[in-house]
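Subject: Structure handover

Hello,

Here is the structure you asked for. My notes on what was found follow below it.

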Amino acid sequence: MKINPMKLMQLRGMEDQVKNSHPKLEPFFAAATAAVDEGTVVDVKMTTSAGETLRTNICVSADDMEMIRKLKEAVE
């Protein structure tokens, strides 16, 4: 996966808009990243505007934890 630095900078510029529109999102992610460890099951469910439900889950591995650690470092 390639990351485009310019696109990443554009997203940073939208940070306040997301925080204002979805005030519960940042505290959720902060709590989730503090609580996640190897063996944690992350379950994601989405319901579209048409009522279709999409759902998946993963069990967090040691490799996933390394990626999470690096992401934390990148956003600090």
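Why does Phe29 count as partly exposed? The model is predicted, and in it Phe29 has a relative accessibility of 47%; exposed would need over 50% and buried under 20%, so Phe29 falls in between. Phe28 has 53% and therefore counts as exposed.

These two residues also form an aromatic pair. A search of the whole structure gives 1 such pair. Phe28 and Phe29 sit edge-to-face, with 5.5 Å from centre to centre and 65° between the planes.

The largest pocket holds about 1400 Å³ of space. It is lined by 32 residues, and those closest to its centre are Phe29, Thr33, Leu71, Lys72 and Val75. Two or more lining residues come from each of helix H1 (5–13), helix H2 (15–21), helix H3 (25–35) and helix H4 (62–75). H3 contributes the most, with 8 residues. Sorted by class, the lining of this pocket comprises 23 nonpolar, 3 polar and 6 charged residues.

Now the strands. S1 (residues 41–47) and S2 (residues 53–59) run antiparallel and are joined by 7 bridges. Lys45 is placed opposite Arg55 in S2. The hairpin of S1 and S2 has 5 residues between the strands, and Gly51 adopts a positive phi near 90° there.

Regards

Key:
Residues numbered from 1 in each chain as written. Predicted model: local features only at pLDDT ≥ 70, side-chain atom pairs only at ≥ 80, totals over all residues. Heavy atoms only, no water. Pairing = 2+ DSSP bridges. Helix = DSSP H or I, 4+ residues; strand = E, 2+ residues; numbered from the N terminus. Phe/Tyr/Trp six-rings, centres within 6.5 Å; stacked < 30°, edge-to-face > 60°. Buried < 20%, exposed > 50% of the residue type's maximum accessible area, 1.4 Å probe, protein only. 1 Å grid on protein atoms, 1.4 Å probe; cavity = no way out; pocket = protein on both sides within 12 Å on 5 of 7 lines; lining within 4 Å. Points joined across faces, edges and corners; volume = space filled by probe spheres on them. Nonpolar A, V, L, I, M, F, W, Y, C, P; charged D, E, K, R; others polar.
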